[in-house]
Structures are given as structure tokens and as C-alpha cells.
Amino acid sequence: MTPLRPFEFKILASPDHPLAKMDHPTFEEALKSPFVILNATYLNKLVFHQLAEQLSIKPQVLFESDSSTLVSGLVREDLALGFVSDITAPVESDLVEIPIEDVQVPSVHINLIRRAHQFPIGLFKTVMDIIEKTFEEDEAIQQQK
């Protein structure tokens, strides 16, 4: 197993949204607004509902999509807040990322797993090298932020 990187969940807001203008907004405050989230094919939905459950709040989910571009577009139009991870798609510069600090967010990591006795050769090694290089470059970009 090769650890590639952890990823974090964040609230995504339009710069015009009141939450984006607060000094230290909380997830509890965010849940007063409607959300757009990625659908059941993504871990985001499960984590989002677990976090809301910690606060005993039933969130208002305006829309679910399998497209992070659509989620970002709805947030940009200030129709709702978004719930995203930093692994699904890069956040566009005109949107505000709000960290989640008032609830216990699960730690999620991406690992590359292979059989113990399988030695990476040929095409398999090439694919593994590309994956590892991509995540190393992504980690370097994340550290620059």
C-alpha cells in the first residue's frame, strides 16, 4: 500500500454569501442555508450527512449532482452553499473555501494498493509511476496554498 494523500472537506460559498463575509463561520451556521452536494456516487454526500447528524440538524439539500462543475456554478450564482472535497475538483478562484472546524470531520486518505507479491513492471509500473507523480505534484500545489 502506498499512501497518496489525505483530503479535506470544505464549504464552498459565493463571495456575496453572508457566510463568506464572516471571520470564523461554523458548519452549524452554514446549515441554516441550502446546500448543493455531489450525489450518492461520492463520499461527499455521506460525510455531509454525518456532519449534520453530529449537530442534530436536518440539512436542506437543494440539489444533488454528479458534476462538481454544476455544484460550483450553483454556488457561484449564490443559490446555495456547496460541500466539496479538495480531491473532486480544484476550487475556482472566484469562490470562497470555508474550512470546517466546529464538528469532527472524518479523516479520509487515498491509498494505492497492490498485491504484496506483484512487482511493478512494464505498463503496470508506468501507470503506478504516473499516479504517484500526479499526487506528489498535487501535494506540492496544496502546500503552496
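## The largest nonpolar core

In this predicted model, the largest nonpolar core holds 20 residues, and those that touch the most other members are Ile11, Phe27, Phe35, Phe83 and Ile100. At least two residues of this core come from each of strand E2 (9-13), H1, E3, H2 and strand E5 (81-85). Helix H2 supplies the largest share, with four residues.

## Phe27 and its surroundings

Phe27 is buried, because its relative accessible area is 1% and the limit for a buried residue is under 20%. When neighbours within four places in sequence are left aside, Phe27 contacts Ile11, Phe48, Leu51, Ala52, Leu55, Phe83, Ile100, Asp102 and Val103. Two of these partners, Phe48 and Phe83, also belong with Phe27 to one aromatic cluster, whose other members are Phe9 and Phe35.

## Aromatic pairs

The structure contains six aromatic pairs. One of them joins Phe27 and Phe48: the ring centres are 6.0 Å apart and the planes stand at 80°, so the pair is edge-to-face. Phe27 is located in helix H1 (residues 27-30) and Phe48 in helix H2 (residues 43-54); the pair therefore ties together parts that are 21 residues apart in sequence. Phe48 counts as buried, because its relative accessibility is 0%.

Phe48 also pairs with Phe35. In this case the ring centres lie 4.8 Å apart and the planes are at 55°, so the pair is tilted. This pair, too, links distant parts of the chain, with Phe35 in strand E3 (residues 35-38) and Phe48 in helix H2, 13 residues apart. Both Phe35 and Phe48 are buried.

What separates the two descriptions is the angle: planes over 60 degrees apart count as edge-to-face and those under 30 as stacked, so an angle between these limits makes a pair tilted. The 80° of Phe27 and Phe48 gives the edge-to-face class, whereas the 55° of Phe35 and Phe48 gives the tilted class.

## A nonpolar patch on the surface

Nonpolar residues also occur on the surface, where Leu62, Phe63, Leu70 and Leu79 form a patch. Together these four residues have about 350 Å² of accessible area.

Leu62, one member of the patch, is placed in strand E4 (residues 61-65). Leu62 counts as partly exposed, because its relative accessibility is 48% and the class of exposed residues begins over 50%.

Key. Residues are numbered from 1 along each chain as its sequence is written. This is a predicted model: local features need pLDDT of at least 70, side-chain atom pairs count only at pLDDT 80 or more; totals for chains, interfaces and linings use all residues. Side-chain values use heavy atoms; hydrogens and water are left out. Patches are made of residues with over 30% relative accessible area and no salt bridge: like charges are joined within 9 Å, nonpolar side chains (Val, Leu, Ile, Met, Phe, Trp, Tyr) within 5 Å. Accessible areas come from the Shrake-Rupley method with a 1.4 Å probe; for residues, only the protein chains shown count as cover. A salt bridge is a side-chain nitrogen of Lys or Arg within 4 Å of a carboxyl oxygen of Asp or Glu. Buried means under 20% relative accessible area, exposed over 50%, partly exposed in between (1.4 Å probe, protein chains only). Rings of Phe, Tyr and Trp (its six-membered ring) pair if their centres lie within 6.5 Å; planes under 30 degrees apart count as stacked, over 60 as edge-to-face and the rest as tilted. A nonpolar core is a set of buried Ala, Val, Leu, Ile, Met, Phe, Trp, Tyr and Cys residues joined through side-chain atoms within 4.5 Å. Contact means heavy atoms within 4.5 Å.
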